[in-house]
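Subject: the structure I promised you

Hi,

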Amino acid sequence: MSADQEQQSIRCLVAKVGLDGHDRGAHVIARAFRDAGFEVIYSGLHNAPDEIVQAAVQEDVNVLGISILSGAHNTLVPKVIDGLKEYGAFEDTLILVGGVVPDDDKAELKEMGVAEVFGPGTPMEETIEFVRKNAPKR
């Protein structure tokens with residue numbers, strides 16, 4: 001497989017879930033992912049978990065990046081994961097969470113099925129490499 005095919009196959013949904021209105025980080029990640037050659041869909045603000053699930057399923061994404069700074073990650077992320085499971089889309093979707101998440105909660109999110117949690121200040125290249133190495137192939 002050529003590098004072009006590999007990059008072409010990575011479709012990402014960068015999602016803002018809940019009432020968190022802080023979307024600067026989501027925009028930065030979306031641009032970095034585009035610059036890295038990924039296909040990127042941005043959800044916009046104030047989405048319910050089921051709206052994120054619908055978008056991820058309809059767009060057939062390999063990667064779902066959830067940006068959350070409201071502190072509601074323990075409530076909202078499990079709802080998204082449950083929704084993906086209902087649609088049979090959980091197993092082949094790499095789930096990432098970005099934002100301010102306490103260490104104790106990171107372990108819990110990973111147990112639920114989040115592949116990685118990226119906090120503020122994570123180097124962009126680290127996130128991009130993680131996606132390249134771990135995105136499910138379609």
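A30 sits in helix α2. Leaving out residues up to four places away in sequence, A30 touches V14 and V40, where contact means heavy atoms within 4.5 Å. For a sense of scale, A30 and G71 are 41 residues apart in sequence, and their C-alpha atoms are 21 Å apart in space.

Before going further, some housekeeping. This is a predicted model, in which local features need pLDDT of at least 70 and side-chain atom pairs count only at pLDDT 80 or more, while totals for chains, interfaces and linings use all residues. Residues are numbered from 1 along each chain as its sequence is written, and side-chain values use heavy atoms, with hydrogens and water left out.

Now the overall picture. The protein chain has six helices and five strands, and from the N terminus on they run α-β-α-β-α-β-α-β-α-β-α. Helices (H or I, at least four residues) and strands (E, at least two) are DSSP runs, numbered from the N terminus. The C-alpha atoms fill a box of roughly 40 × 35 × 25 Å along the principal axes. A compact globule of 138 residues would have a radius of gyration near 14 Å, and the protein chain agrees with that at 14 Å (the radius is taken over C-alpha atoms, and the globule rule is 2.2 Å times the number of residues to the power 0.38). Of the 138 residues, 43% count as buried. Among contacts between residues at least 6 apart in sequence, 72% join residues at least 24 apart.

On to the helix pairs. Two packed helices are described by the angle between their axes and the distance between the axes. Axes here are lines fitted to C-alpha atoms, for helices over the stretch in contact, and angles run from 0 to 180 degrees between N-to-C directions.

Back to α2 (residues 24-35), then: which angle does α2 make with helix α6? They pack at about 60°, with their axes 10 Å apart. α2 and α6 are therefore oblique to each other (angles under 35 degrees count as roughly parallel, over 145 as roughly antiparallel, 65 to 115 as roughly perpendicular, and the rest as oblique). On the α2 side, V28, I29, A32 and F33 meet M124, T127, I128 and V131 of α6. That contact has seven nonpolar residues, one polar and no charged (Ala, Val, Leu, Ile, Met, Phe, Trp, Tyr, Cys and Pro count as nonpolar, Asp, Glu, Lys and Arg as charged, and the others, Gly among them, as polar).

Next, α3 (residues 49-58) and α4 (residues 73-86): their axes come within 9 Å and cross at roughly 40°. That makes α3 oblique to α4, and the crossing is right-handed. P49, I52, V53 and A56 in α3 meet L76, K79, V80, G83 and L84 in α4. By class, this contact has seven nonpolar, one polar and one charged residues.

α4 also packs against α5 (residues 103-112), at an angle of about 10° and with the axes 10 Å apart. α4 and α5 are therefore roughly parallel to each other. Here H73, N74, V77, P78, I81 and K85 of α4 meet D105, E108, L109 and M112 of α5, giving five nonpolar, two polar and three charged residues.

Two loop residues are worth a click. H46, in the loop between β2 (39-42) and α3, has a positive phi of about 60° although it is not a glycine. D60, in the loop between α3 and β3 (63-68), has a positive phi of about 50°, and D60 is not a glycine either. H46 is partly exposed, with a relative accessible area of 44%, and D60 counts as partly exposed at 43%.

Last one: is L94 buried or exposed? L94 lies in strand β4 (residues 94-99) and counts as buried at 8% relative accessibility. Not counting residues up to four places away in sequence, L94 touches several residues, including N62, V63, L64, A115, F130 and V131.

Cheers

Terms used
Left-handed = near helix turned anticlockwise from the far one by under 90°. Buried < 20%, exposed > 50% of the residue type's maximum accessible area, 1.4 Å probe, protein only.
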